[in-house]
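Trainee: I have a protein model open and would like to learn how to read its features one by one. Could we go through it together?

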Amino acid sequence: MSRTTTRIRTILPSSGRTALGATIAGGLLTGLSAAPERVGRLFRRRYPIVAVTGMTGVGKSHLADRLSRRASGNRVTEVGSAVMERRTRRSARLHGFRFLVVPGDNAATRLGALDEVFHDEPVDGVIHVVANGHATPRRTAGTTGTASATREEQLAVELEDWAITSHRIASMAVRRDRPVWLVIAVTKTDLYADELDAVVDYYSPGSGSPFGDKLDELRALAGGAKLSVDVLPVSSQGGDRTSAISAKQASAMVDALATRLAQLSGHV
């Protein structure tokens with residue numbers, strides 16, 4: 001007995017075939033056009049952008065070098081960078097961070113860098129570096145040569161610098177649909193290791209200190225749910241004969257900061 005196979009073929013009108021083809025092509029184009037955006041979001045989650053801010057001479061570049069495991073000289077430079085510096089930290093698990101080190105000098109390049117990290121392409125988090133008044137004194141306008149300043153003067157400059165940066169952070173936070181995180185990195189701890197707890201408290205919200213009051217103002221402006229704040233001591237150096245912080249302790253502090261950054265970014 002022979003079998004007869006009946007093949008059914010649907011023939012669409014020419015207008016239907018055109019519409020179907022346009023739909024398929026449109027879907028493909030939409031998928032292709034969205035692919036770079038999806039890849040960009042994935043890369044951003046794996047390598048979030050972090051602004052490193054703070055006054056000149058506070059140790060931003062040294063800290064970024066330690067976080068990115070990049071070798072840097074121990075020599076203290078007389079002039080801070082006048083341009084944005086970039087560092088990248090990579091891990092074996094294809095995670096990491098892209099650090100943007102904002103110039104500390106109050107110049108046009110610094111203001112432009114602040115606009116870039118807080119407005120043009122808002123960062124995912126901020127490390128604001130402070131030094132308990134022990135920032136390296138530098139001449140203004142990027143000129144070389146020695147400079148001098150008292151600790152009280154440096155604390156005043158540090159507070160003024162933070163006022164500028166905190167307003168930028170607040171402006172960024174209110175525009176975001178997700179929380180922004182901030183880490184206050186209290187650096188150069190080898191210079192005041194015996195009073196570290198009191199210094200960390202000075203830079204903490206609710207401490208009643210001048211810096212703490214400005215942090216409270218920032219949280220009020222940004223909204224408590226929009227901004228998380230951590231305060232961590234760090235030491236970019238340590239281990240020499242005159243240091244009160246050993247090399248092992250300094251490395252542990254930097255590692256603790258890196259671990260907290262990973263937690264805040266959802267990497268762990």
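Trainee: Which side chain does a polar contact of 2.5 Å join to the side chain of Arg 87?

Mentor: Please keep in mind that this is a predicted model. The partner at 2.5 Å is the side chain of Asp 65, and a further polar contact, of 2.7 Å, links the side chain of Arg 87 with that of Glu 85.

Trainee: Where is Arg 87 found, and is the residue buried or exposed?

Mentor: Arg 87 belongs to strand S2, which covers residues 85–90. With a relative accessibility of 9%, Arg 87 counts as buried, because that value falls under the 20% cut-off for a buried residue.

Trainee: Which residues does Arg 87 touch once those up to four places away in sequence are not counted?

Mentor: Arg 87 then touches Ser 61, Ala 64, Asp 65, Ser 68, Arg 70, Phe 97, Arg 98 and Phe 99. To see how sequence and space can be read side by side, take Ser 61, which is 26 residues apart from Arg 87 in sequence, while their C-alpha atoms are 9.1 Å apart in space.

Trainee: How are two packed helices described?

Mentor: Two packed helices are described by the angle between their axes together with the distance between those axes. Here, helix H3 (residues 108–120) packs with H4 at an angle of about 25°, and their axes are 9 Å apart. Since angles under 35 degrees count as roughly parallel, H3 and H4 are therefore roughly parallel to each other, and H3 passes H4 in a right-handed crossing.

Trainee: Which residues make that contact between H3 and H4?

Mentor: From H3 the contact uses Arg 110, Leu 111, Leu 114, Asp 115, Val 117, Phe 118 and His 119, and from H4 it uses Asp 161, Ile 164, Thr 165, Arg 168, Ile 169, Met 172 and Arg 175. Sorted by class, the contact of H3 with H4 holds seven nonpolar, two polar and five charged residues.

Trainee: What can I read from the phi of Asn 132?

Mentor: Asn 132 has a positive phi, of about 55°, although this residue is not a glycine. Asn 132 sits in the loop between strand S4 (125–130) and helix H4 (151–175), and its relative accessibility of 5% means that it counts as buried. The side chain of Asn 132 makes a polar contact of 2.7 Å with the side chain of Arg 151. Beyond neighbours within four places in sequence, Asn 132 is in contact with residues including Leu 155, Glu 158 and Tyr 192.

Trainee: And where does Lys 188 lie?

Mentor: Lys 188 lies in the loop between strand S5 (180–186) and helix H5 (196–202). Phi of Lys 188 is near 60°, a positive value in a residue other than glycine, and at 16% relative accessibility Lys 188 counts as buried.

Methods
Residues are numbered from 1 along each chain as its sequence is written. This is a predicted model: local features need pLDDT of at least 70, side-chain atom pairs count only at pLDDT 80 or more; totals for chains, interfaces and linings use all residues. Side-chain values use heavy atoms; hydrogens and water are left out. Helices (H or I, at least four residues) and strands (E, at least two) are DSSP runs, numbered from the N terminus. Buried means under 20% relative accessible area, exposed over 50%, partly exposed in between (1.4 Å probe, protein chains only). Axes are lines fitted to C-alpha atoms, for helices over the stretch in contact, and angles run from 0 to 180 degrees between N-to-C directions. Angles under 35 degrees count as roughly parallel, over 145 as roughly antiparallel, 65 to 115 as roughly perpendicular and the rest as oblique. A crossing is left-handed if the near helix is turned anticlockwise from the far one by less than a right angle, and right-handed if clockwise. Contact means heavy atoms within 4.5 Å. Ala, Val, Leu, Ile, Met, Phe, Trp, Tyr, Cys and Pro count as nonpolar, Asp, Glu, Lys and Arg as charged, and the others, Gly among them, as polar. A polar contact is a pair of N or O atoms within 3.5 Å; within protein, one must be able to donate a hydrogen and the other to accept it, and residues adjacent in sequence count only if both atoms are side-chain atoms.
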